[in-house]
Each structure stands twice: as structure tokens, then as C-alpha cells.
Amino acid sequence: MRGKCKVCFWAAVSLLMALWLLPVCVRADTEGTCGNLTWELDEAGTMRISGNGPLMDERGMLGGLVYNHSNVKKVIIGEGVTAIGDHAFKDCYHMQTVSLPSTLQSIGEEAFLKCEELSSVTLPAGLREIGESAFRECSSLRSIVIPGGTEKIGEGAFMYCTSMDRAELQKGQTTMVDFMFAKCYSLREVSLPEGLKTIGKRVFDTCHKLSVVSIPSTVSEIGQSAFSDTAITSIVIPDGMNKIPEAAFSLCRKLKSVKIPASVKTIEFHAFFACESLKRVELPETLRVLENQSFQSSGLTSIVVPGSVKTVGAWAFTQCSKLKTVIIEEGVKKVGKQAFHQCRSLKAILIPGSVKKIDYHAVGFKSQYVRYGITKIYGYKKTAAQKWAKKNRIPFVALKKLGKPGKGSVKNVKGGKIAVKWKKSANVEGYEIQYADNAAFTGKKTVKAPGAKTTKKTISLKTGKTYYVRVRGYKKVSGLTYYSAWSGKKQVTVKK
């Protein structure tokens, strides 16, 4: 029994010693101390904090028991203070200004949460960390500049700052964390630095007034719903990204222009859902996956699905009410369920011989009440396209297969020009010559050479540069243009 009491006695002593070593905070309504720091709150609502070290009590925060939050209108934190603890000024609803010292290195989680009258804050250059939701729901905060040396920023750091109209990330920032500026409804201008690599999930989600964003060329990853429900009008996806993620630009109803590089291999679910102003988009010939509902309810008037895509995902273009023409290129094997369902304006769709399966209601739909159909299906005889047209009583137009351009050549001509030659193809009415400064034909340019008997074309190019060149035939049927396979590519360096 005595042994047990002895153990309990020393355990109690150890606990008291541990508590004695914690920072001691003297609490009152108008003044207090915390380790090496002291603070005071005057009758005008100004809080002054001085000393050296972090601003936090034994619980890791300067909390509600320490002072009356509703009395704080202005905070001045003196030089020497290195950290602001979690929840330090949370719910200081009437705080209008805060002065941060150059010595500050860390701002804790929810440190300024719901400081609803805080209209401006200048983050010091030496700041290294901003905690999760640090400035969340600061509904009067108008702008923010995040120093390049800030190494860690928590999720939702500026979420629901509903009056913020400008945000700048300085050079040195490499990652935008999830929900960083989500629900900042007034945000109009964003400056992102070269060197930025990642834009996280829902970073700008529901920033209704954000109309212009330039994504740095160094960005290789964009998170789910990153720009969803914004007012952006154009976007250039950086070369190097391999996918456009789920709902990345969904509900961007003013989006008119999208440039997708050859590096993108996948367009995910709802990526461009309800982009009502998007009339045209060029899918890269290297695209492999077009997921379900990727362009559902968008404003597209025409689309070419490259042969590198093996399956057109279910509902991929459903309810695209302005879609008039669709060309599916040779190589695609399956058209998914209701892929072009309820496309009320669709007049023509070309389905190649490579397509072996057309799923339920994929093309055209007829009920006892209304027909969401198409005027004509274009394709080749004895294919899935012809069978589908017959089954659904849709007019079918049989196409003649176009021959691939025969073996040709690309040679230099005086005056910074090249001469492209090829052997003519069967059933074509003209040719298309493509050239680019890379083998993937990123940033390619196209020149037409009309005429079934045309077999050569001279093109002026920049001297000293190397170009890749290829040729294919084309033919128009009732306003629908379809193409042969490409010739082999040729390489040439342009001379003077």
C-alpha cells in the first residue's frame, strides 16, 4: 500500500513540475502576459503587444478567456514577436486594422477567423507559414499579397473573404493549396508567378467575378473544380499538364476560348460542364481519354473527336443544344451511352469504320413525345454506323473512303521556302499541309491545297529553323469535311 502511495506522490510532483514549466499567461480583460510577451487593451479598443517570442498561451493560443473580443478595434504587434498562435484573434468582429512586425514568421490556424471588419493586412516578407483558415471569413478584407518566402499555407486560408477583389502571389510561391480563395465572390484580379507548379482543389471555386487568369507555364497540376463557377472568358492550359481534372472549369458560363496542349491525355468528368459560351474547342490528336459528361451542356457548335480517343464517354456531349456537326475520326472504337443525347440542333455526324459499338441512345433519340435526333449519319457501308442508322430510322449517307497521300518529299527552295510534294490520293478534292517546329505538331499551322490533282505546294517559313511536315486529303459532303489518314511526317531545316 505504501509503495502505491509513493508512486502516486511522485507522479503528482512530476505533473506539477510540467505545468510550472509551461508559459505563464496572466489573464485579465484589459492586460496580460504570456511568457516574454505583454499585451494591453485600452478604452479606444487598441491592443498593443510587445516582447520577444511567440504569442500563445499554454493551450497554444491567445483565447476567449484572455480578453473581450468585441472591444478590439485595432491591433499593434511590436517587433520581436515571432508567431501568432492558433485562434489568437478569432471572432474579433470589430477589428479594423492589424499591424504585423517584420519579425513575424508564423500565423496560426484560424488566427483571424471572422474578423469581419478587417479591411487590410500587410504580410511581412519574412513570413514562413500561414495556418489553415487563418483569414477565413474576413468579409471586409479587400486585397492580399503573399510573400514569395511563405513556405506553408493551410487550406482555405482566405476562403469566404467576400470583399477581396485582388490577390497576388509573389515569385517563390510553388503551390496554391485547396480552397485557398474559394467563395471570394468579389475577386476580379489574380497575379500568379512563374515557378508556380500546383493549383489545388477548388482554389477559385465560385469566385463569380474572376474573369481573367493567366496560368503560369510552369503549372503541371490543377485540382478538381479549381476554376469552377468563375467568370473567366479564356484559358490556356500549360504545356506539360497531362490531364484536365474533374469539374476544373465547370459552370464557367462565360468561357469562350480554351487552348489544350498536346501534353493533355485525359479530360475528366464534368471538366467543361455547362460552359455555355464555349462554341469551339480543338482536342489534341494525342488525347486518349474523354470521360463521361466532360462537355455536357456546353455551347459547342461543332466538335472533332481525334482518333487517339478510343471511347467517347457516356453523356460526353449530351444536352449540347447548339451542336450542329460532329466528326469522329478513324481510330475511335466506341461511342458511349447518350454521348450525343438531346443535342437538338445536331444535323450531321460522321462515324468512322473503326467504331464497333454504339451504346444506348448514343446518337439520336425518339420517344412518343419528341425526337432528339439528327438529320443524317455519315459513314461507310457495312459498319456499326450504318446498322445504327437503320435501327433508329435515321438517314444514312455512305461515304467514299479517302486514300492516304502517297510517298512524297520536302525540299528547300531559295528565299526561305520549302517545296512539299506528294502522290495524289483517291476520292479527295484537295489536300491539307500541316507544319510545326516539333514532332508532336504542337502549335501547328495549316495550309490548304485545293484540287484533286494538286500534288505540290510551296510554303514560306522562317530560315534557320527545323520544321516537321505532313499531308492529308480532304473531301466535303453537304458542308461536312472529312479527311484521309496523314502521310508520314518529313523533317526539313529551312535555308536562305
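Ala247 is buried, with a relative accessible area of 10%, and in this predicted model its place is in the loop between strand E19 (243-244) and strand E20 (257-259). Among contacts between residues at least 6 apart in sequence, 36% join residues at least 24 apart.

**Two positions and their neighbours**

- Leaving aside residues up to four places away in sequence, Ala247 touches Ser225, Ser228, Phe269, His270 and Ala271.
- One of these neighbours, His270, is 23 residues from Ala247 in sequence, and the two are 4.6 Å apart in space when taken from C-alpha to C-alpha.
- Val413 belongs to strand E33 (residues 406-413) and is partly exposed, with a relative accessible area of 32%.
- When residues up to four places away in sequence are not counted, Val413 touches Ile418 and Ala419.
- The C-alpha atoms of Val413 and Ser460 are separated by 9.1 Å, and these two residues stand 47 residues apart along the chain.

**Nonpolar cores**

- In soluble globular proteins, nonpolar side chains tend to be buried together.
- The largest nonpolar core of this model has 112 residues, and those with the most contacts inside it are Phe89, Phe112, Phe181, Phe317 and Phe340.
- Helix H2 (residues 384-391) gives this core four residues, which is the largest share.
- Another core lies apart from the largest one and has 27 residues, including Val410, Ala449, Ile459 and Tyr482.
- Phe181, one of the residues with the most contacts inside the largest core, touches Ile144, Ile146, Phe158, Met164, Ala167, Leu169, Met176, Leu187, Val203, Phe204 and Cys207, not counting residues up to four places away in sequence.

- The largest pocket has a volume of about 1100 Å³, and it is lined by 38 residues, of which Arg280, Glu282, Leu283, Glu285 and Lys444 lie nearest its centre.
- Two or more residues of the lining of the largest pocket come from each of strand E20 (257-259), strand E23 (302-305), strand E25 (325-328), strand E35 (430-436), strand E38 (466-477) and strand E39 (480-483).
- Sorted by class, the lining of the largest pocket has 18 nonpolar, nine polar and eleven charged residues.
- The second largest pocket holds about 480 Å³ of space, and its lining consists of 20 residues, of which Glu329, Glu330, Tyr483, Ser484 and Ala485 lie nearest its centre.
- Strands E25 and E39 each supply at least two residues of the lining of the second largest pocket, and both strands also give two or more residues to the lining of the largest pocket.
- In the second largest pocket, the lining by class has eleven nonpolar, four polar and five charged residues.

**Cysteines**

- A disulfide is a covalent bond between the sulfur atoms of two cysteines, and the structure holds zero disulfides.
- The sulfur of Cys161 has its closest cysteine sulfur in Cys184, at 5.1 Å, which is too far for a bond, given that a disulfide requires the two sulfur atoms to be within 2.5 Å.
- Cys320 is likewise in no disulfide, and the nearest cysteine sulfur, that of Cys343, is 5.2 Å away.
- Cys161 is buried, with a relative accessible area of 0%, and Cys320 also counts as buried, at 0% relative accessibility.

- Glu110 has a phi near 55°, a positive value in a residue other than glycine, and it lies in the loop between strand E9 (106-107) and strand E10 (129-130).
- With a relative accessible area of 22%, Glu110 is partly exposed, because the buried class ends at values under 20%.
- Tyr160 likewise has a positive phi, near 65°, and is a residue other than glycine.
- The loop that contains Tyr160 runs between strand E12 (152-153) and strand E13 (166-169), and Tyr160 counts as partly exposed at 28% relative accessibility.

Conventions:
Residues are numbered from 1 along each chain as its sequence is written. This is a predicted model: local features need pLDDT of at least 70, side-chain atom pairs count only at pLDDT 80 or more; totals for chains, interfaces and linings use all residues. Side-chain values use heavy atoms; hydrogens and water are left out. Buried means under 20% relative accessible area, exposed over 50%, partly exposed in between (1.4 Å probe, protein chains only). A nonpolar core is a set of buried Ala, Val, Leu, Ile, Met, Phe, Trp, Tyr and Cys residues joined through side-chain atoms within 4.5 Å. Contact means heavy atoms within 4.5 Å. On a 1 Å grid over the protein atoms alone, a cavity is a set of points where a 1.4 Å probe fits but cannot get out, and a pocket is an open set with protein on both sides within 12 Å along at least five of seven lines; lining residues have an atom within 4 Å of a point. Grid points are joined across faces, edges and corners, and a volume is the space filled by probe spheres set on the points. Ala, Val, Leu, Ile, Met, Phe, Trp, Tyr, Cys and Pro count as nonpolar, Asp, Glu, Lys and Arg as charged, and the others, Gly among them, as polar.
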